[in-house]
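Please look over the sequence and the model below before reading on.

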Amino acid sequence: MVQTSSPEIRADDAERQPPPAPEYSSWISQDRSTDPASVAMRREAAELVERVMEHYRANTTHEADGQWTEPVANYSDADRWQREMDAVHRTHPLPLAMSAELPGPNTYKALDVLGIPVLITRDRQGVVHAMINACRHRGAKIIEPGCGVSKRLTCPYHSWSYDLAGELRGVYAEKTFGDVSRAERSLVRLPAGERAGIVFVSLDPAAEPDLDEWLGDLQPLLEGMRLADCHHHGTKELTSPNWKVTLDGYLETYHFASLHPKTVFETNLSNMMAHDTWGPHQRLSAALRPIAQAVDLPPDQRDPGELVGAIYWLYPGLAIAGGWRNKIAVSLVLPRTATESVTQQIILLRDPAVTEEERHAADKFGEWFYEVVRDEDYATTYGVQQGLAALNGTDFVFGRNEPGLQHFHRTVHAHLDNTARAAR
(Lines give C-alpha, C1' and ligand atoms only; values in the text may rest on other atoms or scores of the structure.)
Protein backbone atom coordinates (compact mmCIF):
# COMPACT_ATOMS: atom_id res chain seq x y z
CA MET A 1 0.00 0.00 0.00
CA VAL A 2 1.33 3.43 -0.95
CA GLN A 3 0.54 6.21 1.51
CA THR A 4 0.37 9.76 0.22
CA SER A 5 0.51 13.24 1.65
CA SER A 6 0.30 16.80 0.45
CA PRO A 7 2.50 19.67 1.61
CA GLU A 8 -0.38 21.15 3.59
CA ILE A 9 -0.30 18.24 6.05
CA ARG A 10 2.31 19.43 8.49
CA ALA A 11 2.36 20.62 12.06
CA ASP A 12 2.81 24.29 12.90
CA ASP A 13 6.51 25.05 13.29
CA ALA A 14 5.97 26.52 16.75
CA GLU A 15 4.24 23.38 18.02
CA ARG A 16 6.09 20.72 16.08
CA GLN A 17 8.06 18.16 18.04
CA PRO A 18 10.71 16.53 15.85
CA PRO A 19 10.40 12.74 15.75
CA PRO A 20 13.01 10.82 17.73
CA ALA A 21 15.95 9.78 15.61
CA PRO A 22 15.92 6.13 14.53
CA GLU A 23 18.44 3.65 15.84
CA TYR A 24 21.03 2.75 13.23
CA SER A 25 22.93 -0.51 13.05
CA SER A 26 25.77 -1.27 10.69
CA TRP A 27 25.47 -4.08 8.16
CA ILE A 28 28.77 -3.66 6.32
CA SER A 29 30.82 -4.60 9.40
CA GLN A 30 28.92 -7.91 9.59
CA ASP A 31 29.19 -8.76 5.90
CA ARG A 32 31.53 -11.66 5.22
CA SER A 33 30.72 -12.22 1.55
CA THR A 34 33.70 -13.17 -0.60
CA ASP A 35 32.30 -12.34 -4.05
CA PRO A 36 34.34 -9.69 -5.92
CA ALA A 37 31.66 -6.98 -5.67
CA SER A 38 31.34 -7.32 -1.89
CA VAL A 39 35.11 -7.32 -1.40
CA ALA A 40 35.44 -4.22 -3.61
CA MET A 41 32.62 -2.49 -1.75
CA ARG A 42 34.22 -3.08 1.67
CA ARG A 43 37.63 -1.95 0.41
CA GLU A 44 36.09 1.20 -1.05
CA ALA A 45 34.23 1.85 2.22
CA ALA A 46 37.42 1.59 4.27
CA GLU A 47 39.17 4.03 1.95
CA LEU A 48 36.19 6.36 2.14
CA VAL A 49 36.36 6.38 5.94
CA GLU A 50 39.96 7.56 5.69
CA ARG A 51 38.97 10.38 3.34
CA VAL A 52 36.12 11.57 5.54
CA MET A 53 38.36 11.23 8.60
CA GLU A 54 40.84 13.62 7.00
CA HIS A 55 38.07 16.17 6.54
CA TYR A 56 37.13 15.76 10.19
CA ARG A 57 40.69 16.28 11.38
CA ALA A 58 41.09 19.39 9.24
CA ASN A 59 37.51 20.64 9.70
CA THR A 60 37.08 20.77 5.91
CA THR A 61 34.82 19.32 3.24
CA HIS A 62 35.14 18.33 -0.41
CA GLU A 63 35.23 21.46 -2.56
CA ALA A 64 34.68 22.10 -6.25
CA ASP A 65 37.15 24.24 -8.16
CA GLY A 66 34.86 27.27 -8.00
CA GLN A 67 31.30 28.44 -7.61
CA TRP A 68 28.48 27.85 -10.10
CA THR A 69 25.57 30.13 -10.93
CA GLU A 70 22.25 28.82 -12.22
CA PRO A 71 19.61 31.19 -13.65
CA VAL A 72 16.40 31.12 -11.61
CA ALA A 73 14.47 30.94 -14.89
CA ASN A 74 15.93 27.46 -15.44
CA TYR A 75 13.72 26.26 -12.60
CA SER A 76 10.52 28.08 -13.51
CA ASP A 77 10.37 28.11 -17.32
CA ALA A 78 7.77 25.58 -18.50
CA ASP A 79 9.32 25.27 -21.99
CA ARG A 80 12.71 24.45 -20.49
CA TRP A 81 11.09 21.89 -18.20
CA GLN A 82 9.64 20.15 -21.25
CA ARG A 83 13.04 20.14 -22.93
CA GLU A 84 14.55 18.64 -19.77
CA MET A 85 11.96 15.88 -19.77
CA ASP A 86 12.75 15.10 -23.41
CA ALA A 87 16.53 15.27 -22.95
CA VAL A 88 16.70 13.45 -19.63
CA HIS A 89 13.67 11.40 -18.59
CA ARG A 90 12.52 10.37 -22.06
CA THR A 91 16.05 9.65 -23.26
CA HIS A 92 17.92 7.86 -20.48
CA PRO A 93 17.07 4.70 -18.49
CA LEU A 94 15.20 5.62 -15.31
CA PRO A 95 15.63 3.80 -11.98
CA LEU A 96 11.93 3.22 -11.24
CA ALA A 97 11.88 0.31 -8.80
CA MET A 98 13.97 -1.61 -6.33
CA SER A 99 14.21 -5.33 -6.99
CA ALA A 100 12.85 -5.90 -3.49
CA GLU A 101 9.56 -4.32 -4.56
CA LEU A 102 9.12 -7.27 -6.93
CA PRO A 103 10.32 -9.99 -4.55
CA GLY A 104 9.27 -13.08 -6.49
CA PRO A 105 7.47 -14.48 -9.52
CA ASN A 106 4.15 -12.90 -10.51
CA THR A 107 4.80 -9.59 -8.73
CA TYR A 108 4.38 -6.07 -10.06
CA LYS A 109 4.86 -2.36 -9.41
CA ALA A 110 2.65 0.22 -11.11
CA LEU A 111 3.42 3.94 -11.13
CA ASP A 112 2.87 7.04 -13.22
CA VAL A 113 5.91 8.70 -14.79
CA LEU A 114 5.42 12.00 -16.61
CA GLY A 115 1.78 11.12 -17.14
CA ILE A 116 2.70 7.72 -18.57
CA PRO A 117 1.18 4.76 -16.69
CA VAL A 118 4.10 2.34 -16.29
CA LEU A 119 3.75 -1.27 -15.18
CA ILE A 120 6.83 -3.24 -14.08
CA THR A 121 6.44 -7.00 -13.60
CA ARG A 122 8.41 -10.08 -12.69
CA ASP A 123 7.11 -13.09 -14.57
CA ARG A 124 6.96 -16.66 -13.29
CA GLN A 125 10.54 -17.28 -14.49
CA GLY A 126 11.74 -14.28 -12.49
CA VAL A 127 12.42 -12.06 -15.51
CA VAL A 128 11.60 -8.36 -15.21
CA HIS A 129 9.43 -6.64 -17.84
CA ALA A 130 8.01 -3.13 -18.26
CA MET A 131 5.06 -1.98 -20.32
CA ILE A 132 2.49 0.76 -20.72
CA ASN A 133 -0.20 0.14 -18.11
CA ALA A 134 -3.05 0.51 -20.61
CA CYS A 135 -5.26 -2.19 -22.10
CA ARG A 136 -4.93 -2.62 -25.86
CA HIS A 137 -8.71 -2.82 -26.24
CA ARG A 138 -9.79 0.65 -25.12
CA GLY A 139 -6.84 1.96 -23.10
CA ALA A 140 -8.12 1.46 -19.55
CA LYS A 141 -5.56 1.35 -16.74
CA ILE A 142 -5.08 -2.30 -15.84
CA ILE A 143 -3.40 -2.03 -12.44
CA GLU A 144 -3.68 0.85 -9.97
CA PRO A 145 -0.41 2.36 -8.65
CA GLY A 146 1.36 0.28 -6.03
CA CYS A 147 2.99 -3.11 -5.60
CA GLY A 148 1.28 -6.48 -5.56
CA VAL A 149 1.05 -10.10 -6.62
CA SER A 150 -0.99 -11.42 -9.54
CA LYS A 151 -0.67 -14.30 -11.99
CA ARG A 152 -2.73 -12.45 -14.59
CA LEU A 153 -3.22 -8.79 -15.44
CA THR A 154 -6.92 -8.32 -16.06
CA CYS A 155 -8.41 -5.08 -17.35
CA PRO A 156 -11.30 -3.95 -15.13
CA TYR A 157 -13.19 -2.47 -18.11
CA HIS A 158 -13.87 -5.53 -20.32
CA SER A 159 -11.79 -8.28 -18.69
CA TRP A 160 -9.12 -8.66 -21.35
CA SER A 161 -6.26 -10.45 -19.61
CA TYR A 162 -2.48 -10.52 -20.05
CA ASP A 163 0.34 -12.55 -18.56
CA LEU A 164 3.17 -10.97 -16.59
CA ALA A 165 5.22 -10.55 -19.78
CA GLY A 166 2.41 -8.45 -21.26
CA GLU A 167 1.18 -11.05 -23.74
CA LEU A 168 -2.55 -10.99 -24.43
CA ARG A 169 -3.99 -14.28 -23.12
CA GLY A 170 -7.74 -13.84 -22.87
CA VAL A 171 -10.50 -11.87 -24.62
CA TYR A 172 -13.85 -11.97 -22.90
CA ALA A 173 -16.63 -13.27 -25.19
CA GLU A 174 -14.26 -13.46 -28.16
CA LYS A 175 -16.85 -15.47 -30.10
CA THR A 176 -19.08 -12.39 -30.34
CA PHE A 177 -16.27 -9.81 -30.29
CA GLY A 178 -14.40 -11.37 -33.20
CA ASP A 179 -10.90 -12.82 -33.54
CA VAL A 180 -8.12 -10.80 -31.93
CA SER A 181 -4.43 -11.12 -32.82
CA ARG A 182 -2.53 -11.88 -29.63
CA ALA A 183 0.74 -10.60 -31.06
CA GLU A 184 -0.70 -7.31 -32.28
CA ARG A 185 -2.75 -6.60 -29.14
CA SER A 186 -0.24 -7.40 -26.42
CA LEU A 187 0.72 -4.57 -24.05
CA VAL A 188 3.15 -1.97 -25.39
CA ARG A 189 6.59 -2.97 -24.13
CA LEU A 190 9.11 -0.63 -22.60
CA PRO A 191 12.83 -1.54 -22.42
CA ALA A 192 13.66 -2.76 -18.91
CA GLY A 193 16.63 -4.25 -17.14
CA GLU A 194 17.77 -5.12 -13.64
CA ARG A 195 21.16 -4.30 -12.16
CA ALA A 196 22.42 -4.36 -8.57
CA GLY A 197 18.94 -4.60 -7.05
CA ILE A 198 17.51 -1.74 -9.12
CA VAL A 199 15.08 -1.94 -12.03
CA PHE A 200 15.63 0.51 -14.89
CA VAL A 201 12.99 1.40 -17.46
CA SER A 202 13.19 3.50 -20.63
CA LEU A 203 10.10 5.51 -21.56
CA ASP A 204 10.99 5.25 -25.25
CA PRO A 205 9.76 1.85 -26.56
CA ALA A 206 12.41 1.96 -29.29
CA ALA A 207 15.34 2.60 -26.94
CA GLU A 208 18.17 0.12 -26.56
CA PRO A 209 19.87 1.18 -23.32
CA ASP A 210 23.19 -0.31 -22.27
CA LEU A 211 22.81 -0.42 -18.49
CA ASP A 212 26.34 -1.65 -17.89
CA GLU A 213 27.71 1.36 -19.74
CA TRP A 214 25.19 3.67 -18.06
CA LEU A 215 26.33 2.63 -14.56
CA GLY A 216 30.01 2.16 -15.43
CA ASP A 217 32.41 1.70 -12.54
CA LEU A 218 29.66 2.46 -10.04
CA GLN A 219 27.92 -0.85 -10.74
CA PRO A 220 30.27 -3.09 -8.68
CA LEU A 221 29.87 -0.81 -5.66
CA LEU A 222 26.09 -0.99 -5.97
CA GLU A 223 26.24 -4.76 -6.38
CA GLY A 224 28.37 -5.03 -3.25
CA MET A 225 25.55 -3.55 -1.15
CA ARG A 226 23.37 -6.53 -2.19
CA LEU A 227 20.20 -4.47 -2.40
CA ALA A 228 18.55 -7.31 -4.34
CA ASP A 229 18.65 -9.42 -1.17
CA CYS A 230 16.80 -6.81 0.89
CA HIS A 231 13.13 -6.89 1.87
CA HIS A 232 10.60 -4.20 0.97
CA HIS A 233 9.00 -2.96 4.19
CA GLY A 234 6.82 -0.19 2.79
CA THR A 235 6.44 2.85 0.54
CA LYS A 236 5.06 6.32 1.21
CA GLU A 237 4.58 9.18 -1.24
CA LEU A 238 4.98 12.91 -0.82
CA THR A 239 4.15 15.63 -3.27
CA SER A 240 7.11 17.90 -3.86
CA PRO A 241 8.02 21.01 -5.90
CA ASN A 242 9.72 21.25 -9.29
CA TRP A 243 12.06 18.27 -9.69
CA LYS A 244 15.25 20.33 -9.60
CA VAL A 245 14.16 22.42 -6.63
CA THR A 246 13.43 19.14 -4.86
CA LEU A 247 16.65 17.36 -5.83
CA ASP A 248 18.83 20.32 -4.86
CA GLY A 249 18.03 19.46 -1.24
CA TYR A 250 19.39 15.93 -1.62
CA LEU A 251 22.76 16.93 -3.04
CA GLU A 252 24.51 18.82 -0.26
CA THR A 253 25.16 18.55 3.48
CA TYR A 254 25.58 22.32 3.91
CA HIS A 255 22.04 22.68 5.31
CA PHE A 256 22.15 20.01 8.02
CA ALA A 257 22.90 22.31 10.98
CA SER A 258 20.49 25.08 10.02
CA LEU A 259 17.50 23.14 8.62
CA HIS A 260 17.77 19.93 10.69
CA PRO A 261 19.17 21.01 14.09
CA LYS A 262 17.10 18.47 16.06
CA THR A 263 16.93 15.67 13.49
CA VAL A 264 19.59 14.98 10.86
CA PHE A 265 22.17 17.16 12.65
CA GLU A 266 21.80 14.95 15.73
CA THR A 267 23.55 12.13 13.85
CA ASN A 268 25.39 13.86 10.98
CA LEU A 269 27.98 16.61 11.02
CA SER A 270 27.11 19.55 8.80
CA ASN A 271 29.08 20.75 5.78
CA MET A 272 31.56 17.86 5.97
CA MET A 273 31.61 15.16 3.31
CA ALA A 274 33.54 13.37 0.58
CA HIS A 275 32.18 13.51 -2.97
CA ASP A 276 32.56 11.14 -5.92
CA THR A 277 31.10 10.95 -9.42
CA TRP A 278 30.63 8.21 -12.00
CA GLY A 279 29.39 9.77 -15.23
CA PRO A 280 26.05 11.41 -14.34
CA HIS A 281 25.82 9.58 -11.01
CA GLN A 282 27.39 10.57 -7.71
CA ARG A 283 27.88 9.78 -4.03
CA LEU A 284 27.78 12.11 -1.05
CA SER A 285 29.50 10.70 2.03
CA ALA A 286 28.70 12.67 5.16
CA ALA A 287 30.64 12.46 8.42
CA LEU A 288 28.59 10.82 11.18
CA ARG A 289 29.05 11.94 14.76
CA PRO A 290 30.75 8.73 16.04
CA ILE A 291 33.70 9.69 13.82
CA ALA A 292 34.90 11.89 16.70
CA GLN A 293 35.50 8.81 18.86
CA ALA A 294 37.09 6.80 16.03
CA VAL A 295 39.89 9.22 15.13
CA ASP A 296 42.50 7.39 17.19
CA LEU A 297 41.31 3.86 16.41
CA PRO A 298 43.35 1.67 14.06
CA PRO A 299 41.76 1.31 10.61
CA ASP A 300 40.64 -2.28 11.18
CA GLN A 301 38.49 -1.15 14.12
CA ARG A 302 36.62 1.56 12.23
CA ASP A 303 33.13 0.58 11.15
CA PRO A 304 32.18 2.42 7.92
CA GLY A 305 28.48 1.94 8.65
CA GLU A 306 28.82 3.91 11.89
CA LEU A 307 31.21 6.61 10.70
CA VAL A 308 30.10 7.58 7.17
CA GLY A 309 26.62 8.26 5.83
CA ALA A 310 27.07 7.35 2.17
CA ILE A 311 24.23 8.38 -0.15
CA TYR A 312 24.43 6.88 -3.63
CA TRP A 313 22.55 9.07 -6.09
CA LEU A 314 21.56 7.67 -9.48
CA TYR A 315 20.70 10.17 -12.18
CA PRO A 316 18.19 11.58 -12.67
CA GLY A 317 16.54 11.10 -9.28
CA LEU A 318 17.15 8.05 -7.04
CA ALA A 319 18.89 8.44 -3.67
CA ILE A 320 19.96 5.38 -1.67
CA ALA A 321 20.68 6.33 1.94
CA GLY A 322 22.01 3.85 4.48
CA GLY A 323 23.17 1.21 2.03
CA TRP A 324 25.81 0.08 4.54
CA ARG A 325 23.21 -0.37 7.28
CA ASN A 326 20.44 -2.79 8.18
CA LYS A 327 17.70 -0.30 7.34
CA ILE A 328 17.84 1.58 4.04
CA ALA A 329 15.83 4.59 2.88
CA VAL A 330 15.43 5.02 -0.88
CA SER A 331 13.99 8.23 -2.34
CA LEU A 332 12.66 8.25 -5.92
CA VAL A 333 11.84 11.73 -7.26
CA LEU A 334 9.62 11.78 -10.37
CA PRO A 335 8.57 14.97 -12.18
CA ARG A 336 4.88 15.52 -12.86
CA THR A 337 4.68 19.07 -14.18
CA ALA A 338 6.94 22.11 -14.34
CA THR A 339 5.92 22.97 -10.78
CA GLU A 340 5.32 19.59 -9.16
CA SER A 341 6.99 16.24 -8.62
CA VAL A 342 6.24 13.22 -6.47
CA THR A 343 8.66 11.44 -4.16
CA GLN A 344 8.39 7.77 -3.30
CA GLN A 345 10.10 6.85 -0.04
CA ILE A 346 10.92 3.14 -0.17
CA ILE A 347 12.07 1.42 3.03
CA LEU A 348 14.25 -1.68 2.65
CA LEU A 349 15.36 -4.04 5.40
CA ARG A 350 18.24 -6.52 5.45
CA ASP A 351 16.02 -8.98 7.32
CA PRO A 352 12.23 -9.04 7.22
CA ALA A 353 10.41 -7.51 10.19
CA VAL A 354 8.77 -10.59 11.72
CA THR A 355 8.09 -9.77 15.36
CA GLU A 356 5.92 -6.91 16.59
CA GLU A 357 9.03 -5.21 17.96
CA GLU A 358 10.82 -5.46 14.60
CA ARG A 359 7.81 -4.14 12.71
CA HIS A 360 7.49 -1.25 15.14
CA ALA A 361 11.18 -0.35 14.74
CA ALA A 362 10.93 -0.47 10.93
CA ASP A 363 7.77 1.65 10.98
CA LYS A 364 9.46 4.23 13.20
CA PHE A 365 12.44 4.33 10.86
CA GLY A 366 10.19 5.06 7.89
CA GLU A 367 8.12 7.61 9.81
CA TRP A 368 11.25 9.52 10.81
CA PHE A 369 12.39 9.96 7.20
CA TYR A 370 8.88 10.79 6.09
CA GLU A 371 8.30 13.49 8.70
CA VAL A 372 11.74 15.07 8.41
CA VAL A 373 11.54 15.31 4.62
CA ARG A 374 7.95 16.55 4.66
CA ASP A 375 8.17 19.02 7.55
CA GLU A 376 11.71 20.30 7.10
CA ASP A 377 13.08 19.68 3.59
CA TYR A 378 9.94 19.98 1.48
CA ALA A 379 8.37 22.70 3.60
CA THR A 380 11.48 24.73 2.81
CA THR A 381 11.68 23.85 -0.87
CA TYR A 382 8.03 24.79 -1.38
CA GLY A 383 9.08 28.18 -0.05
CA VAL A 384 11.88 28.23 -2.61
CA GLN A 385 9.40 27.53 -5.37
CA GLN A 386 7.08 30.31 -4.24
CA GLY A 387 9.91 32.81 -4.68
CA LEU A 388 10.97 31.73 -8.17
CA ALA A 389 8.69 34.12 -10.10
CA ALA A 390 9.74 37.11 -8.00
CA LEU A 391 13.43 36.23 -8.50
CA ASN A 392 13.14 35.75 -12.27
CA GLY A 393 16.06 37.46 -13.99
CA THR A 394 18.45 36.66 -11.15
CA ASP A 395 20.45 33.52 -10.42
CA PHE A 396 21.26 31.11 -7.63
CA VAL A 397 24.84 30.50 -6.57
CA PHE A 398 26.22 27.09 -5.59
CA GLY A 399 29.28 27.21 -3.38
CA ARG A 400 32.52 25.30 -3.71
CA ASN A 401 31.21 23.19 -0.81
CA GLU A 402 28.20 22.13 -2.94
CA PRO A 403 29.88 19.97 -5.61
CA GLY A 404 26.87 17.65 -5.85
CA LEU A 405 24.62 20.48 -6.98
CA GLN A 406 27.19 21.64 -9.49
CA HIS A 407 27.61 18.17 -10.95
CA PHE A 408 23.85 17.63 -11.25
CA HIS A 409 23.16 20.91 -13.02
CA ARG A 410 26.17 20.56 -15.31
CA THR A 411 24.87 17.13 -16.30
CA VAL A 412 21.40 18.46 -17.08
CA HIS A 413 22.94 21.27 -19.17
CA ALA A 414 25.07 18.75 -21.06
CA HIS A 415 22.09 16.55 -21.89
CA LEU A 416 20.10 19.55 -23.09
CA ASP A 417 23.04 20.58 -25.30
CA ASN A 418 23.39 17.06 -26.70
CA THR A 419 19.71 16.93 -27.58
CA ALA A 420 19.85 20.34 -29.24
CA ARG A 421 22.89 19.34 -31.33
CA ALA A 422 21.21 16.10 -32.41
CA ALA A 423 18.17 18.03 -33.59
CA ARG A 424 20.17 20.34 -35.90
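Among contacts in the protein chain between residues at least 6 apart in sequence, what percentage join residues at least 24 apart? The share is 65%, where contact means heavy atoms within 4.5 Å.

This is a predicted model, in which local features need pLDDT of at least 70 and side-chain atom pairs count only at pLDDT 80 or more, while totals for chains, interfaces and linings use all residues. Residues are numbered from 1 along each chain as its sequence is written, and side-chain values use heavy atoms, with hydrogens and water left out.

The protein chain has twelve helices and 21 strands, counted as DSSP runs numbered from the N terminus (helices are H or I with at least four residues, strands are E with at least two). Its radius of gyration, taken over C-alpha atoms, is close to the value of the globule rule (2.2 Å times the number of residues to the power 0.38), so the chain is as compact as a globular protein of that length.

| Property of the protein chain | Value |
|---|---|
| Radius of gyration | 22 Å |
| Globule rule for 424 residues | 22 Å |
| Box filled by C-alpha atoms, along the principal axes | roughly 80 × 55 × 45 Å |

Of the 424 residues, 54% count as buried, a term that means under 20% relative accessible area, with a 1.4 Å probe and protein chains only.

His89 counts as buried because its relative accessibility is 1%. Leaving aside neighbours within four places in sequence, His89 is in contact with Glu84, Leu94, Leu114, Leu203, Trp243, Pro316 and Pro335.

Definitions and conventions: Buried < 20%, exposed > 50% of the residue type's maximum accessible area, 1.4 Å probe, protein only.
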